[in-house]
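Visitor: Hey, could you walk me through this one? I'm new to reading structures.

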Amino acid sequence: MDAMQALITRRCVRRFQLKPVTSDLVEQVVDAGRLAPTARNVQPCEFVVVTDAGRRSEIAEITDHGKFIDEAPVCIVVLSKPTKYYLEDGSAAVTNLLNAAHAIGLGACWVAGDKKPYAEQILNLCGVPQEMRLIALVPVGYPDEIPTVEKRELSDVINWETYGHKTP
Ligand SMILES: Cc1cc2nc3c(=O)[nH]c(=O)nc-3n(C[C@H](O)[C@H](O)[C@H](O)COP(=O)(O)O)c2cc1C
């Protein structure tokens, strides 16, 4: 899929087909996360790919708004070393994961990690050293829905030269 088309049509997917996702496709998605921009090219992010159904269910149960994780064949746990820009770098990685998944015909969703009280529990469950930060949980699978979501109009968010000036 063309990059602009992928960026424009991507939506968070929360319902997944039972069909498994090959490790090759998962690696393509994680590779896109690896290649995201990072402040001063520090590259603090690491990823845990969870396919085990039992562990996915435990992760789903721990979250508040990620119960659907147990229905996705894969959950990518996005981590960062605790650097100055860990959240910006981690968020860029998550965005790349979501867009890459969509571009290759998969669906994915951003489930909150950083700031959530359950972050420590998820780290423990996945054997991650406690100094690491949990950026997000990203369930991935073949979509079983075509989500629609309201977005603000371009004309509402774009300003030219100074705030409030709406024409180029
Ligand atoms: C920081 C952040 C945390 C989010 N956490 C959750 C979450 O815990 N559960 C969930 O279902 N969606 C979560 N989302 C997804 C948003 O709900 C979604 O991106 C938003 O509704 C816009 O929809 P779209 O991604 O389909 O464009 C999160 C998104 C972001 C950026």
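Predicted model: local features only at pLDDT ≥ 70, side-chain atom pairs only at ≥ 80, totals over all residues.

Visitor: Got it. Where is A53 found?

Guide: In helix α3, residues 53–62. Helices here are DSSP runs of H or I with at least four residues, strands are runs of E with at least two, and both are numbered from the N terminus.

Visitor: New topic: which helix does α2 pack with?

Guide: Helix α2 (residues 23–34) packs with helix α4 (residues 86–103) at an angle of about 145°, and their axes are 7 Å apart. The axes are lines fitted to C-alpha atoms over the stretch in contact, and angles run from 0 to 180 degrees between N-to-C directions.

Visitor: Which residues make that contact?

Guide: From α2 there are Q28, V29, A32 and G33, and from α4 there are A93, N96, L97, A100 and A101. Being in contact means that the C-beta atoms, placed from the backbone, lie within 7 Å. By class, that's six nonpolar, three polar and no charged. Ala, Val, Leu, Ile, Met, Phe, Trp, Tyr, Cys and Pro count as nonpolar, Asp, Glu, Lys and Arg as charged, and the others, Gly among them, as polar.

Visitor: Zoom in on A32. Which residues does A32 touch?

Guide: Skipping neighbours within four places in sequence, A32 is in contact with N96, L97 and A100. The C-alpha atoms of A32 and L97 are separated by 6.0 Å, though the two are 65 residues apart along the chain. A32 counts as partly exposed because it has 19 C-beta neighbours inside 10 Å.

Visitor: How many residues does the largest nonpolar core have?

Guide: It has 36, and C75, I76, V78, L97, A108, V138 and V140 have the most contacts inside it. Such a core is a set of buried Ala, Val, Leu, Ile, Met, Phe, Trp, Tyr and Cys residues joined through C-beta atoms within 7 Å. Among the elements that each supply at least two residues are α2, α3, α4 and β5 (133–141). Take I76: beyond four places in sequence, I76 is in contact with V30, F47, V49, L97, V138 and V140.

Visitor: What about L106, buried or exposed?

Guide: Buried, because L106 has 24 C-beta neighbours inside 10 Å. L106 sits in the loop between α4 and β3 (107–108).

Visitor: And K115, what's its phi?

Guide: Phi of K115 is positive, about 80°, although K115 is not a glycine. K115 lies in the loop between β4 (111–112) and α5, and with 9 C-beta neighbours inside 10 Å, K115 counts as exposed.

Visitor: Last one: which residues surround the ligand?

Guide: R11, C12, R14, H65, G66, C109, W110, V111, A112, P147 and V149. A residue is near a molecule if its C-beta atom, placed from the backbone, lies within 6 Å of it. This shell has seven nonpolar, two polar and two charged residues.

Technical notes
Residues numbered from 1 in each chain as written. Contact = placed C-beta atoms within 7 Å. Buried ≥ 20, exposed ≤ 12 C-beta atoms within 10 Å, placed from the backbone.
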